[in-house]
Amino acid sequence: MAIVKLRSTENLDRTKPPKSGKPKDMKFPGFFEAKTSNGITVLVIEDNRLPLVTSRFVFRSGAAEDFFCESKKPGLSSITSELLTKGTINRSATEIANEIDYLGASIGSGCNYDATFVSSYSLKKYFSRVFDIISDVILNPSFSDEEIERVRIQRLNSLLAMTDDGDYLAEKVFIREVYKDFPYELPIDGDEESVKSISRKDILLNYKKIFYPENLIVAFVGDITPDEAISKLNENFAGWENSGLEKTEFPETPSIKSQKVFLIEKKGAVQSSIKTGHLGIHRSHPDYIPVNVMNTLLGGFFTSRINKNLREVNGFTYGARSQFHCCKHSGDFSVMTEVKTDITADTLDEIIKEINDIKNKNVSAEELRDVKNYISGNFPMQLETPNEVATKAIGLKLYELDDDYYSTYLNKVNQLTKEDIRQAAEKYLHPGNLLISIAGDTKALSKSLKKFGDAEVTGDNI
Amino acid sequence: MKSLGLKKVSENLTNDFPAIEYREYILKNGLKVVLCNTGNIPIAAVNTTYHTGSRDEIVGKTGLAHLIEHLMFEGSPNIPRGKFDEILAKNGGESNAYTTRDFTSYFISVPSSHLETAFWLDSDRLSGFGITNESLEIQKDVIIEEKLMYNDNSPYGSLDEEISKRLYDGTNYSWPVIGKMDDIRNMNLKDVEDFYNKHYTPSNTVISVTGDIEYERTIELIEKYYGEIFCSLNETKTEIYPKKITKETSAYIKDDIHLEGKFIFYQIPPAGTKEFYSFKILSGILSSGESSRFFQELEYKNNLVHEADSSAFSYEKSGVFMISAIALKGKDMQIIENKINGIIEDIISGNINDREFNKIINRLETRFSSRLQSIVGLSDRFSYLKTIHNDCSKINFEINDYLVLTKKDISDAAGKYLNQNQRIVLNYIPK
């Protein structure tokens, strides 16, 4: 029993929570959509509260293309996208940097498995000049040998530096194993062998496969009207032609693997970086919403079961989360945390217990109501800035979701029953098929994790 | 309801900058309040900042301020252990907190219809002490894992600890905010309660509320939940008098890393001074964007570094200018250091061109125009300005502190504070 010391005699009764009003309705903001004659999908999310404009170019293919090269080339798409801003046939890398920086603007590029991104951010008054540069970067990259070598050296050093991070090592092996023989198995940033071998020819072919008008979604965000956006886009992209290359066909989704332990030696580790899970679902899967509400309860936020167990009850960790990471063609489920070496086995036991619990027993009515309130209350927070709205609008197009997906989202969440949650857990959680990937002190872990099966042990040069 | 010190800012800074309107109040128990209605979407953010941090600790009890930050979520007179975040979540809200050397900030975001629940939860922590030994022991374990994760198990993770003890030797800035491992382990409930009683008082607190709020209704609610909390204790501020550095110190630290790192630190005047703004501009010239001097000289033209950066940051009583370089594998750190020294000497000699100076001003304009994006960030900024500078108008006018500066101010500041005998150099080398 806590001994409570109050500071003053107050008239206020603090024992009961105040009554709250009904949350105000928050509709998903409307946005402008059009298609150009050469097939570019255009979105405009107009918001003139601040004098800023973002342009976001999203091409509907990314690092998964690395898998389809004659021999697999992890890192290729990512290096191609990084090189875009490093020089065009009209401007050198330094000229691009000088002008963008002088205008107080920024440009960036990168990719994930499903998409390649190029974006600019600037004050409205400089938008036209910045847009001309980003257009040049997309249409006319030079991929000079000198810039390729520079990016190659930097990338090799990044790969080396990333092996200092246990979470990175655990994730890399987890992804490789969970998606084995599927395009998502390759590390987006690449590996040493592949990065060393990538040639200018590879890059040019990769560029051709990703960068063409029909593959492009452009979102204009902020202080810009649809008319302004369309006219600027036409000025720079109307003459851009489609390459006529066939779209890459994806293989069948991989199957769930049997349980296995992977240990990666992390020099000097005082903690284990744990990532454990199995195959999940793709983003446009019809069960996405029940699966995600179920996951929220399980490990999706601070007061979820896994964090409560591992942090608040046991004091094992600073934090633990679970997630369904859903990409366009497949997805995975995982639990992630960092704990001291000697409590790694206990931690895994608790994780498995929580997964079994949500699979075998209905959640309480109260727990379900609370999580619905949390998701409903938190939803407006995700629509705070026009760029957050744009991320969702782009997602609708990229993952081919229904147009009314976000306007009906909360309704669908609130209609879920205890049975829906249990079914989602029953169908999509497989505690007997966990791939357990841990970076840490492999010598100690090999012993303490014996009961989870034989371990495959590797160094950090994975 | 009484509200003193009402102040409203509505003048536009220039035609280009949208001004942020806000109101300030002081309650009769000394609690300071900043309210800012940003309308838009139906959420509100509450930031409660206590003007106490690790500098108010003593040797042997380091980490106490941060430990209390954890414990403030673990039970108060009317909210049992574990319920704070649960109640908040089922009302659609979220919370978090952080501790610095000088202050501790708690923030909550909720649907604006549930703002009163946020005040009820947050004010209960100020209304009395309700932390148990059980909570204390669990949170000590959690913090030990936090320290292992961020410091011991992270590359270059000991940097803050290694530099603070050298840069602020003999002062309460000399230990890391998270504290020393043994101190955390040995802390008892009385330590926690004494610190709480001394520093968690209304007059030591600023509350900033932003988002979809009505001014009258919100200040009424704050009066209701916080206005009647009185305590007679007076907190005393721990003064900090950093010793001037007059001789270069160099140290080598072995770490589980693959790439060598060099970190150079200088003491500079704190935030709010003309010199500090000068150093902010200097860090832009040195390292912001791919046209910056560091990127061009160290990375692009000479392929020496994987990353090179600089930054000016500040505690309440002292500022820090930091330069960092992570070498590409196999490159000679001495060559990198010589290049950095050359660039700093060039700046000190007054060699700054108009274009690079104006570039940073343009960048500031973009950043300043986007300062109203997140209500959580805005409430945090108001609390910081009120707590550390006692001046919320900086939210609209701080840009002026930059615009008055000249190229000469930058090179003068560098000439005064960035000499080699004024710095501490930490070299991280692979084990």
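At what angle do helix α9 (residues 274-287) and helix α12 (residues 354-369) of chain B pack, and how far apart are their axes? In this predicted model, the packing angle is about 110° and the axes are 9 Å apart. Angles of 65 to 115 degrees count as roughly perpendicular, and α9(B) and α12(B) are therefore assigned to that class. On the α9(B) side, the contact is formed by Ile281(B), Gly284(B) and Ile285(B). Helix α12(B) contributes Glu356(B), Phe357(B), Ile360(B), Ile361(B) and Leu364(B). By residue class, this contact comprises six nonpolar residues, one polar and one charged.

In chain A, helix α11 covers residues 344-360. An α-helix has 3.6 residues a turn, so residues three or four places apart point the same way.

Positive phi values occur at two non-glycine loop residues, Asp181(A) and Asn303(B). Asp181(A) has phi near 65° and is located in the loop between α5 (166-178) and α6 (192-197) of chain A. Its relative accessibility is 57%; because exposed means over 50%, Asp181(A) counts as exposed. For Asn303(B), phi is near 45°, and the residue belongs to the loop between α10 (293-300) and β11 (305-314) of chain B.

Terms used
Residues numbered from 1 in each chain as written. Chains lettered and ligands numbered in written order. Predicted model: local features only at pLDDT ≥ 70, side-chain atom pairs only at ≥ 80, totals over all residues. Heavy atoms only, no water. Axes fitted to C-alpha atoms, helices over the stretch in contact; angles between N-to-C directions. Helix = DSSP H or I, 4+ residues; strand = E, 2+ residues; numbered from the N terminus. Parallel < 35°, antiparallel > 145°, perpendicular 65-115°, else oblique. Contact = heavy atoms within 4.5 Å. Nonpolar A, V, L, I, M, F, W, Y, C, P; charged D, E, K, R; others polar. Expected span 1.5 Å × (residues − 1). Buried < 20%, exposed > 50% of the residue type's maximum accessible area, 1.4 Å probe, protein only.
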